[in-house]
Amino acid sequence: MFFPGSYPDLSLYLSYRPHATLPSLPMLARIPIRRHPCTPSSLFQWVALHMIFSSSTGFPLTLLSSRIRSYIPRRFATMSSTSSNNDLPRVDFSKTETVGSTRWMRLETLSYHVIPDPHDAGSNTLRKWDRAVRTTKKSENSVDAVVILAILKYDYSDPSRDEIVCVKQFRPPVDGYTIELPAGLIDANEDPAQAAEREFKEETGYIGNVLSVSPPSYLSPGLTNESACLVRMEVDMTLEHNAKNHERKTAHDGLEGCENDRGLEKLLLPRVGFLNALHDLQKKDGVKVFAALYSLAVGMSVNEDVPEPAINDNFPLINLEAQTHTIPSFSVAHKVATALRKSGFLMIKSLDLTTELQKRALIAASRILDMQSSSTIVAHPSDPKIYAMFNGVEFNIDGDIEQKFLEDLKEWYRAVRSTKDFLLRCIAVGLGMDDVDFFVTLHNEHNDSLRLLRYHAGDEHTGNRCKEHSDYGTLTLLLTDGVGGLEAFVDNQWRPIPYIEGAIVVNIGSILSEWTRHKLSATLHRVAGPASIGSKTPKKDLLRAVSVPRISVAYFADPNEKVSITLKTSSESSEKSPMSISDYIQWRSGGEGAERDGVAFTTVEKNRLSKN
């Protein structure tokens, strides 16, 4: 159910479908959802709903859920059952009757038991339901088919040129031509990804790159137990094969007989204005639209109608794919690498880093930092702040703290660690490296840390709340409470990094910058106050920010200890000498213990500051 407003709720009612052998109790799942404001992958967000819901609850989600839009679930509310009998309803397959059968389809009558009426002990609890079954179905829960969401990519830097690959064909059951996504049955000894690659090439001639495969979805659970995996693909139009195929007529010579007889042809519709393109075809040709395709188009239209938040070009907001353990798409990898080349900073939103989890992590950080008597809390030697540092997920805290807060923080730790791996893959792909896991392998010892920080409130005379520095590791993922002042030194100016609810800040450390020969920028940054020199943040914003404490949770990724790095030492020697990661980090952090002098500057950083 969709209610107009700034943030709608999507209500999905789960009811028992005996022919699809879904879970046994009628339930209500109310899913608060938020729009993900990101260009190339916004059209895939309804796919994420299927993947997250199915994997989190174990409930298959019908592919035809009404009003699925380009929104992403942030959390799931409680799901309550209407009955205490966990065994009912259920199908008794021993009583299944075959009404009739053809080569491809079989009509069955199922018998299923329902929950007894508590007010009528003698009530009949056996019910009947007719369903259609594909004769090619291998088992009750096997996946029948794939549905393919493929995007033609002409220019990864310009998603407005993207096209969605559809097919038009005559469908006898509706006595008319339909517009659908490419689809097909999964052959024996094929997995869904292999079936999608084969079917897509057969129907369209293109060679696509599989990006993700959803859990099984049920196409029409009131009629059949047919299920399909939604396979997301990208088609690189710079490849010679795809470019040549693109120049051919829309009809494809490689179609099977029945598809050729039904006049199957590919249609390329624009990503921008997709819903209008479908409406035009309906009016012009009288075609009928596959419901899942129409749901996608409606979601994309809603996404286009809502204005994007104003974001500085230096710090782009990038939406990461739903499955952070998969290989990133070229478009997302290109955006990540481009941002890190330009400013060394970007902001990300991810299904793993939900707004709800972010809030819990910040609350946990605040509670821990309230423990002033704990030896875990340390005062910074030069900045007006306190912090606590944890190395590794299985940390403990000296002091009395509720276990809930520790678990929330560890959950955040695991989520950012997974996101870090995905970002490292994005960087490898964005830099054109053959080994997508090159950087991930260099981090497989998980030498990472989580730092909780609280900046003290100040006044109009307060300068930097965190002094100018660059990070010394490879990647930093920063969660803040929204209090302003964070700035980066870009184009020889201290520019404010905007705060966007639900997004976290990502920046490059000097080790990764050195590894890439400074193709990626380890950018100087700071937390400015009203008296900070050269700030481009409006003075009123800095005064408002400094009037309250500021909480942040920083995740720092460092490489494996035995990995070496080559860079200039502080003596500015013209000859480069190798340093171990541990030696380098000690040098960059200014030594050890409470007497250390903070973060040292590299020669490159000193030169940048001297020009300010």
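In strand E15 (residues 265-270), Glu-265 is the bridge partner of Lys-168. Strands here are DSSP runs of E with at least two residues, helices are runs of H or I with at least four, and both are numbered from the N terminus. The model is predicted, so local features need pLDDT of at least 70 and side-chain atom pairs count only at pLDDT 80 or more, whereas totals for chains, interfaces and linings use all residues. Residues are numbered from 1 along each chain as its sequence is written, and side-chain values use heavy atoms, without hydrogens and water.

E9 and E15 run antiparallel and are joined by 6 bridges; two strands pair if DSSP finds at least two bridges between them. E9 also pairs with E10 in the antiparallel sense, over 5 bridges, and Phe-170 has Tyr-177 in E10 as its bridge partner. These two strands form a hairpin with 4 residues between them, and Asp-175 in the turn has a positive phi of about 50°. E8 is joined to E9 by 2 bridges, again antiparallel, with Ile-151 opposite Ile-164 in E9. Of the 9 residues of E9, 7 are buried, that is, under 20% relative accessible area with a 1.4 Å probe and protein chains only.

E9 also gives the most residues, 4, to the lining of the largest pocket. A pocket is an open set of points on a 1 Å grid over the protein atoms alone, where a 1.4 Å probe fits, with protein on both sides within 12 Å along at least five of seven lines; lining residues have an atom within 4 Å of a point. The volume, about 1,600 Å³, is the space filled by probe spheres set on the points. Of the 47 lining residues, Arg-134, Arg-171, Glu-180, Leu-219 and Glu-226 lie nearest the centre.

Elsewhere, an open sheet of 8 strands with mixed pairing has the order E17-E18-E26-E23-E28-E21-E20-E19. Strands E17 (317-319) and E19 (378-379) stand at the edges with a single partner strand each, so one side of each is left without a neighbour in the sheet. E19 and E20 run antiparallel, joined by 2 bridges, and Val-378 has Tyr-387 in E20 as its bridge partner.

Helix H8 (residues 355-369) has 15 residues and should span 21 Å at 1.5 Å a residue, which agrees with its end C-alpha atoms being 21 Å apart; the expected span is 1.5 Å times one less than the number of residues. Its buried residues include Leu-357, Leu-362 and Ile-368. The buried residues of H8 pack against elements including E20, E21 and helix H9 (403-430), where contact means heavy atoms within 4.5 Å.

Conventions. Buried means under 20% relative accessible area, exposed over 50%, partly exposed in between (1.4 Å probe, protein chains only).
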